[in-house]
Amino acid sequence: MKNKILYSLLLSFAFVLFSCNLDENPADQMPENEAFKSPVLIYLNTVASLYTEIGGDGGSQGLAGTDRGIYDLNTFTADEALLPTRGGDWFDGGLWQDIFTHNWKTDNSLVKGSWDYLYRVIGKTNQSIDKLNALVEEDPENSFLPVYLAEVKAIRAMYYYYPMDLYARVPIVETASVQIADVRQSSRSEVFAFIKKELEASIPLLSTANSSKQGEFYGRMTRPVAYYLMAKLALNAQVYADDDWTDNNGIPNGTTTFNVGGANKTPWEATVAYCDSITELGYTLESDFSKNFSITNESSKENIFVIPMDPVLYKARNMYLVRSRHYAHAKAYSQDGWNGASATKEALAVFRKDAVDPRMEKTYFLGKVYGPDGNPVMDGDKELEYKPDAIALDVSGSTNEKTAGARLAKYEFDPTAQAGGQLVHNDWVLFRYADVLLMKSEALVRAGQNGDAELQQVRGRVDAPARTATLQNILDERLLELAWEGHRRQDLIRFGKFHQPISDRPVSAPYRSVFPIPVDVLSLNTNLTQNPGYTN
């Protein structure tokens, strides 16, 4: 707890010092000669302040944990989960139906909110970089300033990774002093190359510490986090380096290369190399799958990058348990429930393939529901029972209107949570080692090699029977292992299956693998043009 308090005080102090809009000087809260007069204050004002942005406390804010933002775009557009209309609940003018059926428009609020959030943080990283560059000019022999710069540039690279993945053709802005008239749109391949270059340059200066553990580097950008991002870039290189995604065909492997340890490697080779670099830093699977999502998951040996959570110390929220569980289910724990997010029929089918996967009951609430006292939860005069197979995009008027769907169970209930269950102790897991093993298995198979060992490590951890590492089995395993973790849209796009029809969704056009540039953004900057397929 001591380290969590220290981390909170550090970020809170940084937030006070840096609480300005994008047009203000970060030292406005105190005289500049005071704000940057020591290494600690420089770090607080240019680096630590950025970490307050990774988690969020309202819609569209944060990389995960809140609603109507990045997580929802990556989850409810895929085949793993949906927010079904339940009578008067969850229609919201057709918002969630449009997201699920790939019928979003250029003024979609989730698309706009995510863009605004990402570029707001990019703007703050640019302010920090500008200041650090100025300090380097004043003191070129200083040894800690390049380290701070590397950390901020790696954070900025991560914040460009998300818009590249979501919107493809986005502006690369590298300084806070740029005028909007000078902002130009880059191709997706250019953004991809920029992110790769920035991370490659930053990695040697980053700490090798595990940032998911409490201590000096808790919640920070460290070398394993950057390695993970590089592995993702390499694994998805055929998508990210392709400037015409409307044909649903990526570029050939090897068209782009990665320099790893002084050697040029194909994307598949680079993926393996970066995954191995993470393994060499001591990451391993937890023997207990659920420990990664427990109330005390700071002790996990598997988690690589998390959003630190604490009901008292941090503003970051996790709304997803609240959004999923039935009202009576939540009430039994003296918390809130919005009776929404549920597993799709397609997700359930993967969990039931051959035999029921051991992770099914660790991932979903299914069937009869029990409270913290072990007794059945009552919904009026009946025992509450979730009906997984009754799920549909619109269950209004059905017998199971309020109970259709398997619900999120992956994160342990926190009995001491606040804000109705949104402020919890469980850190939100962004990146973890099981994904690293699955990335390596996939890269090996795509390169014509054997990925069985890595796949079986993940399956063996939960005593699931062995499967051969084929691409289909790996895609299935990524759902079994990573459901509700925000990876599914990207996975389906890489496997060429994002547009395939599923229950309640017809086939969609390949251009939908990329979201539109928000119409409001286009109206503010005439240098930008809309992504192919979308009309304003």
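Leaving out neighbours up to four places away in sequence, Thr 222 makes contact with Leu 206, Ser 207, Ala 209, Ser 211 and Phe 217. Thr 222 sits in the loop that joins helix H8 (188-202) to H9. With a relative accessible area of 0%, Thr 222 is buried. The structure described here is a predicted model.

**Confidence**

The protein chain has a mean pLDDT of 94, and 94% of its residues reach 70 or more. Over residues 11-28, pLDDT stays under 50. For residues 11-28 the model has 40 contacts beyond four places in sequence.

Arg 223 belongs to helix H9. Its contacts, not counting residues up to four places away in sequence, are Ile 203, Pro 204, Leu 206, Ser 207 and Thr 208. Leu 206 and Ser 207 are also among the contacts of Thr 222. The C-alpha atom of Arg 223 is separated by 14 Å from that of Val 436, with the two residues 213 apart along the chain.

**Helix H19: Arg 489 and Arg 494**

Helix H19 covers residues 488-494 and contains Arg 489. Is Arg 489 buried or exposed? Arg 489 counts as buried because its relative accessibility is 0%, and the cut-off for buried is under 20%. The side chain of Arg 489 reaches the backbone oxygen of Ser 513 at a distance of 2.9 Å. Apart from neighbours within four places in sequence, Arg 489 is in contact with Leu 73, Asn 74, Thr 77, Ala 78, Asp 165, Leu 166, Phe 498, Ser 513 and Phe 515.

Arg 494 also lies in helix H19. Its relative accessibility is 9%, so Arg 494 counts as buried. Which residues does Arg 494 touch, not counting residues up to four places away in sequence? They are Leu 235, Asn 236, Val 239, Glu 442, Arg 446 and Arg 478. Arg 494 and His 102 are 392 residues apart along the chain, and 17 Å separates their C-alpha atoms.

**Cavities**

The model has four cavities of 30 Å³ or more. The volume of the largest cavity is about 230 Å³. Its lining is made up of 17 residues, and those nearest the centre are Asn 74, Tyr 162, Glu 485, Gly 486 and His 487. Two or more lining residues come from each of helix H4 (70-75), helix H7 (145-167), helix H9 (223-235) and strand E12 (428-432). Sorted by class, the lining of the largest cavity holds ten nonpolar, four polar and three charged residues. Asn 74, one of the residues nearest the cavity centre, is also one of the contacts of Arg 489.

Asn 45 is part of helix H3 (residues 39-46). Asn 45 counts as buried because its relative accessibility is 1%. Asn 45 and Ala 35 are ten residues apart along the chain, with their C-alpha atoms separated by 7.1 Å.

Ser 60 occupies the loop between H3 and H4. It is a residue other than glycine with a positive phi, near 75°. Ser 60 is buried, with a relative accessible area of 9%.

Leu 83 is placed in the loop between E1 and H5. Its relative accessibility of 2% means that Leu 83 counts as buried. Leaving aside neighbours within four places in sequence, Leu 83 is in contact with Phe 76, Trp 90, Trp 96, Arg 323, Gly 340 and Ala 341. Leu 83 and Thr 344 are 261 residues apart in sequence, yet 9.5 Å apart in space from C-alpha to C-alpha.

Asp 92 is in the loop between strand E1 (81-82) and helix H5 (95-100). Although Asp 92 is not a glycine, its phi is positive, at about 50°. Why is Asp 92 counted as partly exposed? Asp 92 counts as partly exposed because its relative accessibility is 39%, and this class lies between the cut-offs of 20% and 50%.

**C-alpha separations**

The table lists the residue pairs discussed above.

| Residue pair | Separation along the chain | C-alpha to C-alpha distance |
|---|---|---|
| Asn 45 and Ala 35 | ten residues | 7.1 Å |
| Leu 83 and Thr 344 | 261 residues | 9.5 Å |
| Arg 223 and Val 436 | 213 residues | 14 Å |
| Arg 494 and His 102 | 392 residues | 17 Å |

Notes
Residues numbered from 1 in each chain as written. Predicted model: local features only at pLDDT ≥ 70, side-chain atom pairs only at ≥ 80, totals over all residues. Heavy atoms only, no water. Helix = DSSP H or I, 4+ residues; strand = E, 2+ residues; numbered from the N terminus. Buried < 20%, exposed > 50% of the residue type's maximum accessible area, 1.4 Å probe, protein only. Polar contact = N/O pair within 3.5 Å; in protein donor to acceptor, adjacent residues only side chain to side chain. Contact = heavy atoms within 4.5 Å. 1 Å grid on protein atoms, 1.4 Å probe; cavity = no way out; pocket = protein on both sides within 12 Å on 5 of 7 lines; lining within 4 Å. Points joined across faces, edges and corners; volume = space filled by probe spheres on them. Nonpolar A, V, L, I, M, F, W, Y, C, P; charged D, E, K, R; others polar. pLDDT = per-residue confidence, 0-100.
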